[in-house]
Amino acid sequence: MITKNGRADIRTHVKDTFVYAQVGTGGDSTNPNASDLDSPIGSRFSVSGTDSGETSVDWKFSVSGLTHIGHTIKEVGIFDASSGGNMLLRVNYDAIGPLTSTDDIEFIITVEVD
């Protein structure tokens, strides 16, 4: 069993290490060996994780339709580098879009260390 202090240390490491996000248009299931999104669009951008409990980290960020006009967002990933590096997670979901210049999409990704 991971101790309470161990979980807090892991949470802090994850929060401080994985500081980039990216969206994409791929929508199939995630392979645990994947290192990137299926179909990334645009560049990765900086995000800040926040503690959302003793064992949880939240990443909250928005994506502007203005920078992704015409795209349909189906996946999001959290990474430790602005390119290459390691992907912590990939979440795929029902399509959002196609985006117009006035759309803003807010994402909240939560990871729990347990």
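Student: Which residue forms a salt bridge with Asp36?
Tutor: Arg44 does, and the closest N and O atoms are 3.5 Å apart. Keep in mind that this is a predicted model.

Student: Is Arg44 buried or exposed?
Tutor: Arg44 counts as buried, because its relative accessibility is 13% and the cut-off for buried is under 20%.

Student: OK, back to charges. How many salt bridges turn up in the whole structure?
Tutor: The search finds 7. One of them joins Asp28 and Arg90, with the closest N and O atoms 3.5 Å apart. Asp28 sits in the loop between S1 and S2 and Arg90 in strand S6, so this pair ties together parts that are 62 residues apart in sequence.

Student: What about Arg90 and Asp38, how far apart are the closest N and O atoms there?
Tutor: They are 3.1 Å apart in that salt bridge. Asp38 is in the loop between S1 and S2, 52 residues from Arg90 in strand S6. Arg90 is buried, at 9% relative accessible area, whereas Asp38 is partly exposed at 39%.

Student: Which residues are linked with Arg90 in a network of salt bridges?
Tutor: Asp28, Asp38 and Glu75 are linked with Arg90 in that network.

Student: Switching to aromatics: which residues form the aromatic cluster?
Tutor: Phe45, Phe61, Tyr93 and Phe107. Phe45 and Phe61 form an edge-to-face pair, 5.4 Å centre to centre with 65 degrees between the planes. Phe45 lies in strand S2 and Phe61 in strand S4, so the pair ties together parts 16 residues apart in sequence.

Student: Why is the pair of Phe61 and Phe107 stacked?
Tutor: Their planes are at 25 degrees, with the ring centres 5.3 Å apart, so the pair counts as stacked; the cut-off is under 30 degrees. Phe61 in strand S4 and Phe107 in strand S7 are 46 residues apart, and both are buried.

Student: Last one: how many residues does the largest nonpolar core have?
Tutor: It has 19, and those with the most contacts inside it include Phe61, Phe107, Trp59 and Ile109. Strands S1, S4, S5 and S7 each give two or more residues to this core.

Student: What does Ile109 touch?
Tutor: Leaving out residues up to four places away in sequence, its contacts include Trp59, Phe61, Val76, Ile78 and Leu89.

Definitions and conventions:
Residues numbered from 1 in each chain as written. Predicted model: local features only at pLDDT ≥ 70, side-chain atom pairs only at ≥ 80, totals over all residues. Heavy atoms only, no water. Core = buried A, V, L, I, M, F, W, Y, C linked by side-chain atoms within 4.5 Å. Buried < 20%, exposed > 50% of the residue type's maximum accessible area, 1.4 Å probe, protein only. Helix = DSSP H or I, 4+ residues; strand = E, 2+ residues; numbered from the N terminus. Contact = heavy atoms within 4.5 Å. Phe/Tyr/Trp six-rings, centres within 6.5 Å; stacked < 30°, edge-to-face > 60°. Salt bridge = Lys/Arg side-chain N within 4 Å of Asp/Glu carboxyl O.
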